[in-house]
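User: Can you walk me through this model? I have the sequence and structure open.

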Amino acid sequence: MARSWQLKAGFMSEATLAIKKISGHPGPAPGANVERDYQVAKLIDTTTCIGCKACEVACLEWNGYTFTETFFDNSYQTMPATTWNYWNLIKFNEHEREDGTLQLLMRKDQCMHCADPGCLAACPADGAIVQYTNGIVDFQQQNCIGCGYCVSGCPFDIPKFDPTTKKMFKCTLCVDRVSVGLEPACIKSCPTGCLHFGSKEDMSYLAESRAKQLRENFGFEKAGVYDPSGVGGTGVIYVLHDVTNPEAYGGLPKDPHIPWVVRFWKGPAKWIGNLAMLFGVIGVTIHYFRYGPKEIHPRHDNGGKL
Amino acid sequence: MTNGWIDIRNTDMMLIMGGNPAENHPCGFKWAIEAKRNRNAKLISVDPRFTRTSATADLFCQIRAGSDIAFLGGIINYAIQNNRIAHDYLVNYTNAAFIVKEGFKLPEDGLYSGFDPQTQTYDRSTWNYEEGNDSGAVVAGHAAPPPATSLPPGAPKPLPPLPGKVGYDLTLQHPRCVFQLLKQQYSRYTPEVVERITGIPKDQFLKAADMFTSVRKDGDMKKVATVIYAVGWTQHSYGTQIIRTAAILQLVMGNVGRAGGGVNALRGHSNIQGATDMGGVFDIWPGYLKVPNPTDSDLATYLKRITPTASKPGPWDSFNYWSNTPKFVVSQLKSFFGDAATKENDFCFNWMPKVDRNYSWAQIWDNMYRGSVKGLLAFGMNGVCIGPDSQKNIEALKKADFLVVGEIYPDETSEFWRSPGITADEMKNIKTTVYRLACAGFAEKDGSMTNSARWLQWKYAAVPTPGECRLDQDIVAQIFLKVRELYQKEGGKFPDPIVKLTWAYSDAKRPPLAELLKELNGKALADLTDPKTQVTIKKGQQLPGFAWLKDDGTTACGNWIYSGCWTEAGNQTARRETGDPSNLGVYQNWAWSWPANRRVLYNRASCDPSGKPWDPSRKQVWWNEGAQTWAGVDVPDFKPDSDPKDHMGPFIMNPEGVGRIFGPLAAFADGPFPEHYEPIESLVVNALHPNQSNNPVVKKFKTDADKYAGPNDGYNVICTTYRLTEHYHYWTKNNPMNVQLIPEPFIEVPVELAQELGIKGNDKIKVTSIRSYYIAKAFVTKRIKPMMVDGKKVYQIGIPIHQGYRGIQEDAGRDARTILNRLTPTIVDPNAYTPEFKGFLVKVEKV
């Protein structure tokens, strides 16, 4: 039930938001540049996150997922990593600083909605991954072929495979809510206001002002904003106490990039492939003109009958 | 809370101790975050464990469980030594200048004056002020109380009264003035002593003391600090005194009554404040009226005993609001008994029970264990899990004749007879009849809930009750009606209080809560006219507030502090206006706050003695010279026309009119100032007075189930209990969403202890106290460090309370099905009777 609903949500969003790019799709995206929209972004201030997991539950409830059996694993963390039906997970880390003081770092992990999405770049299925003009990167499960190439394209280990439907799933940034003017479910549920949602410009401003406050008034000299340029910036940005050490926050990559294999395969490799195909067609054509069509000779070994 | 949740956003400094609001009050914690975000407020977190609150703190101190008084006393000492005190506030708004009776002794040896080791009680007659003349000089002592020749059984020994005019010294130099005694008392709590007792290294303690008291740097009065706590403070054998220490600190610093200040208790249930307000404990009636005791032969005697008279410096004024006690009592009796209550029959005062002994929680279970309590009606709580000493409670229930449990899930209490370890044979021998009644959940009821901020907020039922479930109040009403019917039919020894109880609800079997709330608000029983304003309230109309209450039987009011919540203008608790013109988060027209819709208690103290706000940017109330009245964005907690020249004290509920740094006479069972004592089970002797380690008035329980470990019994680890943000008490183990967030019980163990024991994270470990054991997986964490306490290396562990033997995981056989509170001791605070769940001794081993 949850999954069919999810697919429906995908159609809904398609109908209401303009598409900017489409995976594996020749030619321009239909309707591209017709509608101008502002970039949306989610701001996660890890310095005011209290790890209450309200966002985890809100995500499940909005997206129609229910109980998953979990196991205690020497942590408050619900499970080791996000799963195909658990898209929002707070990662806990007991981090000892150089001065010996302890930090309990809590970071909400989910799809980063990269401006240059590696999953989309890697995806070969026409229309399985779309990026809307507002920046949301969304999987369209009805077009997904379950090849899992998006996993290799993602530097954040986000897309997850559902073995039953053989489709990939991840956070949609609540595209169904955003497209009708609502904030994502996680934002709505956050009790401390560590989560914010709005235009990328506003969120960046808010994040920078908070980082500045942390540097100037709370002694976090390395406080800063995580909005990695390697993926063109992200639709989910973090305020970190120490922006020079994002790995401490449950393995946030310091300088995420789309893997070169994906770039090569979808860039030069694809071009070479296309070229090879073109040469093939040209060769066939030349052959045709030079030698004419292939003639079919009747067989005689069965009495002239075909 | 003296203040409120939203008001926390007005603070400059937060001391969060004995509480973990980020985890246990996450929605309220947003205001702490707002203060940090908008005011650059600092947060100090003091806890035995580094919690998710500590994760957002500017400074964390790991404290040994149960040593809070030493820490807070150390800060009081630091504030006095470094002159970071609010001098004018202290002199004018507290009893710092009052002179204490000769013969009063501070507890250098662990005992205040008047201790009787035989009865383990204090004769508190020296815990009093000297009588003084108008200029403050001490005059000859006032009359001793009349010798009580024959006290009825269970009656407490009467105490002398407070003097009407006290001796005082506004220079605070008199050696027996409260300030000098305070200074002397906490001069012993040096940073070195604090380190020895609490295990907090001296430099870290000094950092915390400096940070907290920095709001009074250089005599500045503008900044404000708040203290926020929860059951980490109450659950000790001296819990009340921990909170007292915080209150004294806040008075010394001038932080009470001010926006962003106060002493703020975070209540653990959505309506636990309401339960307390409504007399949910045995020694108070609704509205904090003291219960009658056997000496109260009639109404007049009772009222004389419980109505205080003003006690203050001669030239000062004291509102002494409790002088209105007779109005509150008589109106409450009228609300109980209606027309049956007349002036001639003392308004049926003698129909009310006179409490002759302790009927607190632990005592009830102890009495059941001893066989004198034969049955229990349990609604809205899971007694077996709550503990302390769950096994004792299970044994007690086995001896009861009957048990009625009103719940929405099958719980441990209603299934005590099949708790783990009970064999089939044993089960046959349990004769207790258990009645399980299907009740309603919170979303299935309407009614008001009173939050920590004293707001009564009306809510509406969201869904109907499923199946044959009934609302709790319907069940109670139907039991009452049946009992009344039996009394009517069969008579009985004392039928009047039952047969003549007012029960005028539109549906007797299903009393609507709206009608109950109206009853609590009170109404006029005759036409009433205010002589000053000539405003008239007609007979039968709802009262506008408690100022209208009368002691002649012309008003009825179920709970005086709730008067004003449902007036002729309708249900004030259902108001939802979001206007906040003051921008201080007052929200005057959102719901309704007791008393009289005041949001910050004692708010007169937010102004200097001349009536001007200490901080003009946080103006709450002020004296309007032109109109000769107090005005404000909040309702002034004061006599509206009292000119500052009259020097009326801002703490109008105290007979002194000022805040009590010294708690005189019967205020506390264990001392007018707080003193550090060790938990009943402790690894160290008291560093201040080794011969008096524990709170001297705390009595151990004496059944064979009650065992207490000494430092040499082999229990070498300090254990504390706590709650997780993912769960709600013993309830959410039935809800899949919560269960998946924290699926199993665990025990938090320091890395170093784990190494010593050879255990890794996720290994099963067994924690044993002298009473019982508990098995769960180890959570090996850096968030609890080993400590040095009085030169001794000490380990602490922490265990969440939430699991039991009924629930999703329990029923699927996925956890050990044990109750944490099997470990905890039955020992209680002598003032509030709260059990000591924090800081008892255990040993830890690998399974």
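**Chain B, then a helix of chain A**

Analyst: With 847 residues, chain B would have a radius of gyration near 29 Å as a compact globule, and its 27 Å agrees. That radius is taken over C-alpha atoms, and the rule is 2.2 Å times the number of residues to the power 0.38. This is a predicted model: local features need pLDDT of at least 70, side-chain atom pairs count only at pLDDT 80 or more, and totals for chains, interfaces and linings use all residues. Residues are numbered from 1 along each chain as its sequence is written, with chains lettered from A and ligands numbered from 1 in the order in which they are written.

User: How many of the residues of chain B count as buried?

Analyst: 51% of the 847; buried means 20 or more other C-beta atoms within 10 Å of the residue's own, exposed means 12 or fewer, and C-beta atoms are placed from the backbone.

User: Switching to helix H7 of chain A, which residues are buried?

Analyst: A:Lys200, A:Met203, A:Ala207, A:Arg210, A:Ala211 and A:Leu214. They line one face of the helix, because they fall within an arc of 100° seen down the axis of H7(A), the arc being that of the directions from the helix axis to the C-beta atoms. Helices are DSSP runs of H or I, at least four residues, and strands are runs of E, at least two, numbered from the N terminus.

User: And on the other side of H7(A), what is exposed?

Analyst: A:Glu201 and A:Glu216.

User: What follows H7(A)?

Analyst: A:Gly219, with a positive phi near 75°.
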